[in-house]
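Subject: Structure handover

Hello,

Please find below the structure I said I would pass on. My notes on it follow.

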Amino acid sequence: MRNSTDSFSIDIDLIPLGGKECIVKTSKGSVSVLVCGDRDKPALITYPDVALNYVSCFQGLLFCPEAASLMLHNFCIYHIDAPGHELGADVISSDEPLLCVDDLADQVAEVLDFFGLREVMCLGVTAGAYILTLFAMKYKERVLGLILVTPICKGPSWTEWIYNKVLMNLLYFYGMCGLLKECLLQRYFSKELRCSIEGSESEVILTCRRLLDERQSLNVMRFLQAVNARRDLSEGLKNLHCKTLIFAGESSPFHAESIHMSTKMDSKICALVEVQACGSLVTEEHPNSMIVPIECFLMGFGFHRQPHFASSSSNGSSPASPSNHTIMAPELLSQESLGIKLKPIRTRVHVEI
């Protein structure tokens, strides 16, 4: 493990949402990491999708009281943003080399070295899920488990490749313009959420639009360029040995690829949860649908919800209880399905609209 004084420097500031933001200098460039919780606890790292950061990608999930009691009770969370995607980021200099997906995965390993983390739980969304999956393939001994939200694992199709090229041109010439934001919202959210019958946009959409305005378009272009040059990981997935929980939004453009990924992994350690009427960003669109599957998944590692919240959810007194929002298949609730003896399942989560 590297000594932090050899290759890294750090700048720590308190931020409004709590935790500490650390700017870690790695051999691949600087990366922002938000540290939330007690660093003596086991580590959970997150990685967001294209043009998102920890606020716009994970606040919906982590602001749920039951999710917070489960995650923060058991883990110290390290939110890793893609280079230049953190709050208040400057434009990355054109002199800085473009990073490929392997560079980004190696950067994650260097962040772990900086904080002295040997083994971590991983939570990633779409492009971020790809980076963390690649990290798990390259550094198998450092990954305890994977929670992947609408992940991608194949190289881009010609359609996606051309579409991403169009987005990169928009980013370069017009910045975070209205058309580009519409394209990104289609990537993140279901048509049901984007085209509300009431005519007014939901708070989730409005918040995402506002947060996208804060992104540096050229930094987003660099991340999208790396993702557009990704390679197919399908054949290597069967060599992954860590337990994996996959959420697939059924209205996501990447739904089929997420299903494909689940079929390529060892059926003894991978579980799939399909979320109906939901796009790629399950963490923001239907975060409550994730709580029970994640809780059952983490039970297999010996992690449990904070006792106060566990008791309140069992008697239905918690207004954020996932039982109020989802209808779960009975097999998903058993420890054998998503716990100590993880079995391959195909569970659909029905979300009340």
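I start with F135, which is buried, with a relative accessible area of 0%. Keep in mind throughout that this is a predicted model.

F135 sits in helix α5. Leaving out residues up to four places away in sequence, F135 touches I45, A105, V108, A109, L112, V120, C122, R142 and V143. Distance along the chain is a separate matter: D103 is 32 residues away from F135 in sequence, and their C-alpha atoms are separated by 9.9 Å.

F135 also belongs to the largest nonpolar core, which has 111 residues. Which members of this core touch the most other members? They are I45, F115 and F135. For I45, the contacts beyond four places in sequence are Y78, I80, V108, L112, V120, M121, C122, L123, L132 and F135.

Several of those names come from strand β6, which covers residues 120–125. Is this strand enclosed or open to the outside? All six of its six residues are buried, so β6 is largely enclosed by the rest of the structure. As background, the side chains of a regular strand alternate between the two faces of the sheet. In β6 both faces are covered: V120, C122 and G124 are buried on one side, and M121, L123 and V125 are buried on the other.

β6 has strand partners as well. Strand β4 (residues 43–47) runs parallel to β6, and five bridges join the two. Within that pairing, T46 has L123 of β6 as its bridge partner. Strand β7 (residues 143–149) is also parallel to β6, and here there are six bridges.

Two loop residues deserve a look at their backbone angles. T126 lies in the loop between β6 and α5. Its phi is near 50°, a positive value in a residue other than glycine. T126 counts as buried, at 0% relative accessibility. T150 is in the loop between β7 and α6 (158–174). T150 is not a glycine either, yet it has a positive phi of about 45°. Its relative accessible area is 0%, so T150 is buried.

Next is a polar residue, D102, which is located in helix α4 (residues 101–115). What does the side chain of D102 make a polar contact with? The partner is the side chain of R231, at 2.5 Å. Setting aside neighbours within four places in sequence, D102 is in contact with L134, K138 and R231.

Helix α9 (residues 203–213) is another place to check. Its buried residues are I205, T207, C208, R209, L211 and L212. The elements that cover them include α2 (54–62), α7 (178–188) and α8 (191–194). R209 is the one I would look at in this helix. Its relative accessible area is 18%, and the cut-off for buried is under 20%, so R209 counts as buried. Apart from neighbours within four places in sequence, R209 is in contact with K181, E182, L185 and E201.

Some totals for the chain follow. The secondary structure comes to 16 helices and eleven strands. The chain has 353 residues, and buried ones make up 59% of them. Among contacts between residues at least 6 apart in sequence, 77% join residues at least 24 apart.

Last, the confidence of the prediction. The mean pLDDT of the chain is 85, and 81% of the residues reach 70 or more. Over residues 1–17 the pLDDT stays under 50, and the model has 40 contacts beyond four places in sequence for them. Residues 309–345 are also below 50 in pLDDT, and this stretch has 84 contacts in the model beyond near neighbours in sequence.

Regards

Key: Residues are numbered from 1 along each chain as its sequence is written. This is a predicted model: local features need pLDDT of at least 70, side-chain atom pairs count only at pLDDT 80 or more; totals for chains, interfaces and linings use all residues. Side-chain values use heavy atoms; hydrogens and water are left out. Buried means under 20% relative accessible area, exposed over 50%, partly exposed in between (1.4 Å probe, protein chains only). Helices (H or I, at least four residues) and strands (E, at least two) are DSSP runs, numbered from the N terminus. Two strands pair if DSSP finds at least two bridges between them. A polar contact is a pair of N or O atoms within 3.5 Å; within protein, one must be able to donate a hydrogen and the other to accept it, and residues adjacent in sequence count only if both atoms are side-chain atoms. Contact means heavy atoms within 4.5 Å. pLDDT is the predictor's confidence in each residue, from 0 to 100. A nonpolar core is a set of buried Ala, Val, Leu, Ile, Met, Phe, Trp, Tyr and Cys residues joined through side-chain atoms within 4.5 Å.
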